[in-house]
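Subject: Structure handover

Hello,

Here is the structure for you to look through. Please open it first, then read my notes below.

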Amino acid sequence: MTPFARRLQELRLAGMLLTRVPMGTLREPFPSLPDARWAYPVIGLGLGLVMALFASGAAFLGFHPGITALLVVAIGVLLTGAMHEDGMADLADGLGGGRDKKHRLEIMRDSRIGSYGVLALGLTLALKAQAMLAVFAAGQVLWPLLAMMAASRGCMLLVQETLSPARSDGMGHSAHERGGWRPLVGFAIALASVLTLGTQGFIVLTAMLCAALALRYQAKRLIGGQTGDVLGAVQLAAECAGWLALSLLL
């Protein structure tokens with residue numbers, strides 16, 4: 001298999017992991033999940049492009065920017081299968097309601113959602129939609145969507161790369177591997193996406209990193225590492241922080 005074919009396989013695997021969009025069938029030799037981690041921001045770019053086209057169509061039909069923002073949030077949830085939202089809710093329930101590390105991890109594995117999860121998820125999505133409304137109302141759609149979707153997955157990669165798994169199984173463990181060229185490529189793509197916002201991009205990136213590192217700190221302190229739920233929450237929190245920062249700069 002040629003290097004290009006291997007990269008394409010890894011890109012498809014990343015799409016299978018991070019979205020519910022059909023990606024076809026992988027061929028042998030199959031890539032591993034760590035092999036695909038460089039493509040997280042690329043998948044974000046693809047999602048951002050679809051969401052931007054959807055937002056442009058909604059605006060063309062005459063929808064208010066607030067309704068457009070809510071529709072874009074909804075299409076994002078559909079495209080990803082709400083995996084990041086599920087991670088945010090599970091993490092909030094675990095960190096908020098657990099007595100110790102073991103109990104917190106048990107709560108995070110429970111499919112039921114509690115009050116902490118409802119509040120964290122509801123407030124995060126509300127803040128994200130309101131900030132997105134402000135950005136859309138200012139006439140900015142494409143570049144902000146591309147930047148937020150790609151850079152937030154770069155933040156997810158950063159936490160995955162720098163924090164050991166909290167469990168000996170699960171997605172956080174199976175996708176974890178440190179070093180090599182792959183994370184560097186992912187970080188470069190994420191950074192380039194934010195720089196399309198000009199000088200505002202540095203402030204946006206700083207806000208996203210602060211949100212991601214705050215969750216990283218809490219995850220390390222309270223459960224001893226990262227899990228799939230932690231990574232999902234990091235993506236959503238970083239994206240929300242990016243939208244909020246950009247809404248203040250317009």
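R112 is exposed, with a relative accessible area of 63%. Exposed here means over 50%, so R112 qualifies. Before you go on, please keep in mind that this is a predicted model.

R112 has a charged partner. It forms a salt bridge with D110, and the closest N and O atoms are 2.7 Å apart. D110 is partly exposed, at a relative accessible area of 26%. That value falls in between the two cut-offs, under 20% for buried and over 50% for exposed.

**Salt bridges**

How many salt bridges does the structure hold? The count is seven. One of them joins the side chains of R182 and E10, at 2.9 Å from N to O. R182 lies in helix α9, which covers residues 182-195. E10 lies in helix α1, which covers residues 3-18. The pair therefore ties together parts that are 172 residues apart in sequence. Are these two residues buried or exposed? R182 is buried, and E10 is buried too.

R182 also meets D35. Their side chains form a salt bridge of 4.0 Å, N to O. R182 sits in helix α9 and D35 in a loop, so this pair ties together parts that are 147 residues apart in sequence. Both R182 and D35 are buried.

Now put these together. R7, E10, D35 and R182 are linked in a network of salt bridges.

**A look at E10**

Stay with E10 for a moment. Its relative accessibility is 3%, so E10 counts as buried. The cut-off for buried is under 20%.

Which side chains make polar contacts with the side chain of E10? R7 is one of them, at 2.9 Å. W38 is another, at 2.7 Å. Next, leave aside the neighbours of E10 within four places in sequence. E10 is then in contact with P31, D35, A36, W38, A39 and R182. Find D35 and R182 in that list. Both also belong to the salt-bridge network with E10.

Next, turn to helix α4 (residues 83-97) and helix α11 (residues 228-249). They pack at an angle of about 110 degrees. Their axes are 7 Å apart. Angles of 65 to 115 degrees count as roughly perpendicular, so α4 is roughly perpendicular to α11.

Which residues make the contact? From α4 they are H84, E85, D86, G87, M88, D90 and L91. From α11 they are D229, V230, G232, A233, Q235, L236 and A237. By class, the contact of α4 with α11 has six nonpolar, four polar and four charged residues.

**A look at L222**

Last, find L222 in helix α10, which covers residues 200-223. L222 has 11% relative accessibility, so it counts as buried. How far is L222 from G98, in sequence and in space? They are 124 residues apart in sequence. In space, they are 9.1 Å apart, C-alpha to C-alpha. Again, leave aside the neighbours within four places in sequence. L222 is then in contact with L95, K101 and R104.

Best wishes

Definitions and conventions:
Residues are numbered from 1 along each chain as its sequence is written. This is a predicted model: local features need pLDDT of at least 70, side-chain atom pairs count only at pLDDT 80 or more; totals for chains, interfaces and linings use all residues. Side-chain values use heavy atoms; hydrogens and water are left out. Helices (H or I, at least four residues) and strands (E, at least two) are DSSP runs, numbered from the N terminus. Buried means under 20% relative accessible area, exposed over 50%, partly exposed in between (1.4 Å probe, protein chains only). A polar contact is a pair of N or O atoms within 3.5 Å; within protein, one must be able to donate a hydrogen and the other to accept it, and residues adjacent in sequence count only if both atoms are side-chain atoms. Contact means heavy atoms within 4.5 Å. Axes are lines fitted to C-alpha atoms, for helices over the stretch in contact, and angles run from 0 to 180 degrees between N-to-C directions. Angles under 35 degrees count as roughly parallel, over 145 as roughly antiparallel, 65 to 115 as roughly perpendicular and the rest as oblique. Ala, Val, Leu, Ile, Met, Phe, Trp, Tyr, Cys and Pro count as nonpolar, Asp, Glu, Lys and Arg as charged, and the others, Gly among them, as polar.
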